[in-house]
Amino acid sequence: MIRSLYVRITATFLVVVLISIGVAFLFTNQMFKRDARGQLPNQMEKAISRIEQLYAVSKPASLKEFLEEVSDQQGLSIIAVSSANRLVQAGERSDAMVNRLTYEQLGSVFRGNMVNMGMFNREEGSPPTPPAMGKLVQFGNENWALFVQPESFPQNSNFIWTAVTLLVTLLVVGSVLILVAARYLVMPLKMMTNAATRMSEGDFTVRLPVRHGDELGELAEGMNKMALSLSQLEMMRQDFVSNVSHEIQSPLTSIGGFAEALRSEEVTELERDRYITIIKQESMRLSRLSENLLNLASLDSRQHPFHPRPYRLDRQLRDVVLACEPQWMAKRQTVELLMEETTITADSDQLNQLWMNLFANSMKFTPEDGKIFFGLSEQDGYAVVRISDTGIGISEEDRERVFERFYKGDMSRDRSQGGSGLGLSIAQTVAQIHGGSIMLDPHADQLAGASFIVKLPLVALER
């Protein structure tokens with residue numbers, strides 16, 4: 001199998017040249033033979049007439065000697081048969097001519113016709129010889145049937161005409177083959193152009209057949225992958241827009257409804273305070289959503305400031321727990337820390353956001369008097385952080401989608417909890433920026449709470 005488009009084009013060109021030369025040679029050769037054989041009867045008739053005229057002028061004493069001399073000078077084999085059945089022959093093929101001569105041919109000549117004896121040499125390896133021609137002539141006062149055969153075909157064909165025929169045939173055949181080959185080579189490019197046009201118009205369902213193992217096949221496979229990726233991105237974009245619209249519309253509807261209710265004169269002071277509290281909560285929810293969206297967009301663009309420096313990761317985790325003490329103390333939750341002294345080179349601000357998001361989820365979904373566990377250890381050049389809780393856990397059907405943006409496992413509880421479904425997505429993005437990963441503990445009991453494992457390299461990767 002030819003794997004390179006360069007080799008295919010070169011091979012196609014060589015095949016076209018060879019076929020064109022072969023066809024042109026065969027065609028020109030046939031034209032040459034046809035022209036030569038088409039002129040032969042006229043030339044033989046003229047040769048017979050010249051022999052007759054030469055005999056009349058020279059008036060030789062012996063017809064046999066005269067014909068032998070003509071045969072030697074003009075390269076002809078000659079037999080002459082008189083009306084009285086007298087036979088005279090000259091030339092090396094005269095015996096073969098006598099053996100092939102029939103009474104029908106002889107009678108036709110004496111009736112005034114030009115006769116073609118069709119005498120070709122068919123011996124293997126021998127070139128074909130011209131046929132013998134017969135015509136009625138007059139030697140002296142007697143009529144003779146004169147048959148002549150040249151030793152070879154006449155070589156007086158037009159060289160210029162032959163060369164022009166060869167070149168024109170070569171040009172025509174080569175052009176036709178090049179057009180066919182070009183169509184075969186250009187067709188995949190046209191299909192790719194059409195596919196690219198359709199993708200530019202938003203149609204990402206297009207797929208190209210991968211028929212070759214060359215550069216075109218690799219390009220077609222790459223465009224198929226690009227179309228699939230664009231299709232997935234388009235679906236993500238539509239889901240993203242739908243989710244953002246929903247997340248924004250819900251608090252805006254609440255704010256608008258309660259603001260309209262405040263205009264009523266029948267609202268009591270207690271109801272007014274409650275409405276204002278709800279409006280404030282929904283406004284803060286919008287603010288957090290906007291902040292998370294901007295932060296996520298900045299992280300995705302890889303333009304987010306990234307300033308790694310060495311610091312104590314165990315101290316950062318303790319600071320996060322202490323900063324959130326009012327929240328977990330209000331629910332009488334217990335936070336356990338089991339951490340090794342670990343120094344990591346990373347962006348502390350980004351990782352602080354990661355720990356805050358994970359800890360906030362644990363506090364949110366862990367009931368009162370529940371427990372939250374922080375563990376930190378070093379393994380094979382990585383810092384491994386485990387955050388577990390005794391909360392409601394994550395169901396089996398939600399585990400595959402828990403890191404998707406705006407995904408919420410229990411839609412009925414999110415409104416009251418104030419979540420937007422972006423916290424875990426941000427945490428995953430931050431971990432990936434640092435060359436690490438975040439995952440659910442596959443060995444944890446899903447009914448005994450949630451357990452996340454974060455692995456981060458101790459030395460920051462180059463960006």
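Predicted model: local features only at pLDDT ≥ 70, side-chain atom pairs only at ≥ 80, totals over all residues.
Trainee: How are H8 and H10 oriented to each other?
Mentor: Helices here are DSSP runs (H or I, at least four residues), and strands are E runs of at least two, numbered from the N terminus. Helix H8 (residues 313-323) packs against helix H10 (residues 348-365) at an angle of about 45 degrees, with the axes 10 Å apart, the axes being lines fitted to C-alpha atoms over the stretch in contact and the angles running from 0 to 180 degrees between N-to-C directions. Angles under 35 degrees count as roughly parallel, over 145 as roughly antiparallel and 65 to 115 as roughly perpendicular, with the rest oblique. H8 and H10 are therefore oblique.

Trainee: Which residues of H10 make the contact with H8?
Mentor: Contact means heavy atoms within 4.5 Å. From H8, the contact draws on Leu313, Gln316, Leu317, Val320 and Val321. Its partners in H10 are Ser348, Leu351, Asn352, Trp355, Met356 and Phe359.

Trainee: Why do the buried residues of H8 lie on the same side?
Mentor: In H8, Leu313, Asp314, Gln316, Leu317, Val320 and Val321 are buried (under 20% relative accessible area, with exposed meaning over 50% and partly exposed in between, for a 1.4 Å probe and protein chains only). They are on the same side of H8 because their arc, taken from the directions from the helix axis to the C-beta atoms, covers only 160 degrees.

Trainee: Which exposed residues are on the other side of H4?
Mentor: Helix H4 (residues 103-110) has Gln105, Leu106, Ser108 and Val109 as its buried residues. These fall within an arc of 160 degrees seen down the axis, so they line one face of H4. Their cover includes strand E1 (76-82) and helix H3 (94-100). The exposed residues on the other side of H4 are Tyr103 and Glu104.

Trainee: Is Asn224 buried or exposed?
Mentor: Asn224 is found in helix H6 (residues 215-262), and, not counting residues up to four places away in sequence, Asn224 touches Arg207, Leu208 and Val210. Because its relative accessibility is 15%, Asn224 counts as buried.

Terms used. Residues numbered from 1 in each chain as written. Heavy atoms only, no water.
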